[in-house]
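Let's take a friendly walk through this structure together. Have a look at the picture and the sequence, and then read on.

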Amino acid sequence: MLGSVLLAVFLPCIGMSAALIVYMCLLYYFTDHFSDPALPAKPASDSGLSPSQLDKLPRITGKELVMGNECAVCLDHIGTEQPARLVPGCNHAFHLECADTWLSEHPLCPLCRAKLDPALFSSSQNPC
Ligand SMILES: [Zn+2]
Ligand SMILES: [Zn+2]
């Protein structure tokens with residue numbers, strides 16, 4: 001008798017708990033799922049250069065360097081045969097990978113902080 005009473009009390013409890021757990025999981029899943037687009041998206045234009053913009057920057061090799069051959073990003077020597085990226089305007093050069101990694105996050109020269117002119121990337125669309 002006592003056993004069946006306990007069973008009658010606990011079974012719905014277990015059922016409720018299970019339902020609650022499922023509900024919490026669903027709630028967690030959906031809030032997690034739907035909160036993502038609500039977060040402010042990383043502004044690509046302000047935070048750095050896109051790969052296509054990076055492509056428009058002059059690409060040289062170490063032997064073409066005119067402003068010294070030390071990369072200010074990794075503080076290492078740029079070898080004569082190593083690919084390097086030249087920052088237009090200030091003519092500072094860095095390893096291709098170092099420059100691209102930096103410039104994809106910051107649209108300025110890693111050495112002198114000269115801001116890269118956005119006109120630089122749209123000039124190719126000019127008819128002249
Ligand atoms: Zn470097
Ligand atoms: Zn510079």
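In what order do the three strands of the open sheet come, and is their pairing parallel or antiparallel? The order is β1-β2-β3, and the pairing is antiparallel; two strands pair if DSSP finds at least two bridges between them. At the edges are β1 and β3, each of which pairs on one side only. On average, neighbouring strands of this sheet are turned by 40° against each other, with direction ignored. Axes here are lines fitted to C-alpha atoms, for helices over the stretch in contact, and angles run from 0 to 180 degrees between N-to-C directions.

Before going further, a word on what you are looking at. This is a predicted model, in which local features need pLDDT of at least 70 and side-chain atom pairs count only at pLDDT 80 or more, while totals for chains, interfaces and linings use all residues. Residues are numbered from 1 along each chain as its sequence is written, and chains are lettered from A and ligands numbered from 1 in the order in which they are written.

The protein chain as a whole has five helices and three strands, arranged along the sequence as α-α-α-β-β-β-α-α. Helices (H or I, at least four residues) and strands (E, at least two) are DSSP runs, numbered from the N terminus. Of its 128 residues, 14% count as buried. A residue is buried if 20 or more other C-beta atoms lie within 10 Å of its own, exposed if 12 or fewer, and partly exposed in between, with C-beta atoms placed from the backbone.

Back at the sheet, β2 and β3 are joined in the antiparallel sense over three bridges, and R85 has F94 in β3 as its bridge partner. Packing on the sheet is α4, which touches β1, β2 and β3, and its direction makes about 100° with that of β3.

Now for the loops. M67 sits in the loop between β1 (59-61) and β2 (83-86), and it counts as exposed because it has 12 C-beta neighbours inside 10 Å. Leaving aside neighbours within four places in sequence, M67 is in contact with N91, H92 and A93; contact means that the C-beta atoms, placed from the backbone, lie within 7 Å.

Most residues other than glycine have a negative phi. R113, in the loop between α4 (96-103) and α5 (119-122), also has a positive phi, of about 65°.

How values were computed:
Contact = placed C-beta atoms within 7 Å.
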